[in-house]
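Let's take a walk through this structure, stopping at a few side chains along the way. Keep the 3D view open as you read.

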Amino acid sequence: MIPLFLILFLLCLNSIALDPNIYIIENKHSHKVLDIPGGNPTPGVGLQQYTRNNWLNQQFQLERKNYKYFYIKNVDTQLYLQTPSYRDDKTQIIQNNKLNSRQQLWRMEMDDASGCYQIISAFNNQAMDIPFFEEGDGVPVNLFPAKQPGTKRDNQLFKFHRVN
């Protein structure tokens, strides 16, 4: 029988490299970063990808909930990334006030080959996804079923650049 502490340790190994800090989060395929359009502070505004400019609307703070999950808060708007309340594929991720809900919890699963992470919703187990490998500015960041290692999934992998 495997001891409980060992099971918990193995579960959190993939997210242990990330700590509660501020990051710019870049998609591996498009090289665009997560962005709240114009720093709009309205709850319900959708997340997009955009060319990196290092403004506060492109900076996100990770707040650890427990050994496995994080909240992701935009530094500019002080709102949290959230899965909308419906569970459909291709749903755009939005920002909202903190709800202490599974809709706002995310786990980071490291891709050993690239050192990038899949960002997966605790609410519906779907991954952040740049649809159809789009590379343009303003493309919505959606949820889509998480692709498995060994498949073409660079549109679901993200690099975390720590802001000093």
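A charge is said to sit over a ring if NZ of Lys or CZ of Arg is within 6 Å of the ring centre and within 35 degrees of the ring normal. Keep in mind that what you're looking at is a predicted model. With that rule in hand, find Lys-98: its charged end sits over the ring of Tyr-71, 4.3 Å from the ring's centre. There's another case to look up, with Arg-102 and Tyr-69. Here the charged end of Arg-102 sits over the Tyr-69 ring, 5.9 Å from its centre.

Next, rings that meet other rings. A pair of aromatic rings is described by the distance of the centres and the angle of the planes. Rings count as a pair when their centres lie within 6.5 Å, and by this rule the model has three aromatic pairs. One of them joins Tyr-23 and Phe-160, with 5.5 Å from centre to centre and 85 degrees between the planes. That pair is edge-to-face, because its angle is over 60 degrees. It also ties together distant parts of the chain: Tyr-23 belongs to strand S1 (residues 22-27) and Phe-160 to strand S13 (residues 158-162), 137 residues apart.

Tyr-117 counts as buried, with 4% relative accessibility.

For a last stop, head over to Gln-78, in the loop between strand S5 (70-74) and strand S6 (80-82). At 42% relative accessibility, Gln-78 counts as partly exposed, because that label covers values between 20% and 50%. The side chain of Gln-78 makes a polar contact of 3.2 Å with the side chain of Lys-73. And which residue lies 39 residues from Gln-78 in sequence? That's Gly-39, and the C-alpha atoms of Gly-39 and Gln-78 are 9.9 Å apart in space.

Key:
Residues are numbered from 1 along each chain as its sequence is written. This is a predicted model: local features need pLDDT of at least 70, side-chain atom pairs count only at pLDDT 80 or more; totals for chains, interfaces and linings use all residues. Side-chain values use heavy atoms; hydrogens and water are left out. Helices (H or I, at least four residues) and strands (E, at least two) are DSSP runs, numbered from the N terminus. Buried means under 20% relative accessible area, exposed over 50%, partly exposed in between (1.4 Å probe, protein chains only). A polar contact is a pair of N or O atoms within 3.5 Å; within protein, one must be able to donate a hydrogen and the other to accept it, and residues adjacent in sequence count only if both atoms are side-chain atoms. Rings of Phe, Tyr and Trp (its six-membered ring) pair if their centres lie within 6.5 Å; planes under 30 degrees apart count as stacked, over 60 as edge-to-face and the rest as tilted.
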